[in-house]
Amino acid sequence: MTRLENPNIIVRVATVDDQHYGKTITDEMEASAKARGTGIAKRSPEYVQHKMEEGKAVIAVTDKGEWVGFCYIEAWGHEKFVANSGLIVNPAFRGHGVAKAIKHRVFELSREKYPDAKIFGLTTGLAVMKINSELGYEPVTYSELTDDEEFWKGCRSCVNFDVLTSKNRKNCLCTAMLYDPVEKAKEAAEKEEAAKRAAATQHYNVVTQPQVMVAANGTIQQPQRKRKFSNNFKLFERWLRFKRYVLLKSGKEKEGGSGGGAAAASKKRFFLFNFL
């Protein structure tokens with residue numbers, strides 16, 4: 001159970017006793033999707049009630065029983081991938097850190113139930129992307145997500161489904177983000193080793209230099225450092241705006257049957273931005 005700064009709001013794993021909130025939750029999901037102009041995998045009250053019964057959902061409520069927010073877990077690809085889906089907050093409680101608290105709790109629940117699974121998400125919301133970044137997610141290409149057809153069928157209810165299909169399911173307006181427990185374990189091990197080396201060099205008062213390699217031809221090579229998403233969020237925001245511009249513009253040009261050269265150039269530039 002997690003309490004926010006507002007002591008009247010409690011974030012916890014949902015149970016069968018919360019099933020009466022089912023219709024309220026799905027109604028708000030639908031209304032929110034219409035307001036944003038996007039929406040993936042429309043769910044029924046029965047579906048979210050089943051998630052509560054399975055213990056695969058997180059709910060936020062007030063101490064008086066008023067519904068505040070919700071999110072649930074879905075497993076794909078024989079439980080190799082997990083998605084935290086359907087994040088929604090009651091409009092009356094938005095802007096108070098509820099979404100962040102729910103995302104953190106459902107992430108913990110996902111790690112508890114599926115410790116070896118990759119956790120991923122598709123979103124157009126910068127606020128959600130920032131929360132995901134704090135949890136350790138990184139932006140990835142769509143090819144790194146599950147290939148489970150049942151997951152992708154959920155995109156049919158989104159207004160941008162034609163963009164997804166026109167890109168052969170390789171890109172869309174949503175940004176794909178992934179938490180890979182194997183990669184995170186490697187990063188933790190590398191940090192621990194680096195800390196040990198730093199402590200050793202400090203002990204001997206030696207200034208350490210970045211690890212280098214000498215190739216057969218005598219050239220010196222240094223390993224490339226991966227640019228951290230969380231440290232470059234402003235750049236990423238600009239990339240998102242550019243991505244939306246390219247994808248929507250290319251769709252219009254395709255309908256008009258002109259501007260092929262410009263569209264191709266834009267796609268090349270977008271491809272480069274995709275690996276910032």
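Predicted model: local features only at pLDDT ≥ 70, side-chain atom pairs only at ≥ 80, totals over all residues.
How many disulfides does the structure hold? The count is zero. A disulfide needs a pair of cysteine sulfur atoms within 2.5 Å.

Start with C158. The closest cysteine sulfur to the sulfur of C158 sits in C174, 5.9 Å away. That is too far for a bond. C158 is also buried, because its relative accessible area is 10%, and buried means under 20%.

Now turn to C172. For the sulfur of C172, the closest cysteine sulfur is again in C174. The distance is 5.9 Å, so this pair is too far apart for a bond. Is C172 buried or exposed? C172 counts as buried, because its relative accessibility is 7%.

Next, look at a pair of helices. Helix α1 covers residues 22-36, and helix α2 covers residues 45-54. Their axes come within 8 Å. They cross at roughly 120°. The crossing of α1 past α2 is right-handed.

Which residues make the contact? From α1 come G22, K23, I25, T26 and M29. From α2 come P45, V48, Q49 and M52. Sort the residues of this contact by kind, and five are nonpolar, three are polar and one is charged. Find K23 on α1: Lys counts as charged.

Definitions and conventions. Residues numbered from 1 in each chain as written. Heavy atoms only, no water. Axes fitted to C-alpha atoms, helices over the stretch in contact; angles between N-to-C directions. Helix = DSSP H or I, 4+ residues; strand = E, 2+ residues; numbered from the N terminus. Left-handed = near helix turned anticlockwise from the far one by under 90°. Contact = heavy atoms within 4.5 Å. Buried < 20%, exposed > 50% of the residue type's maximum accessible area, 1.4 Å probe, protein only.
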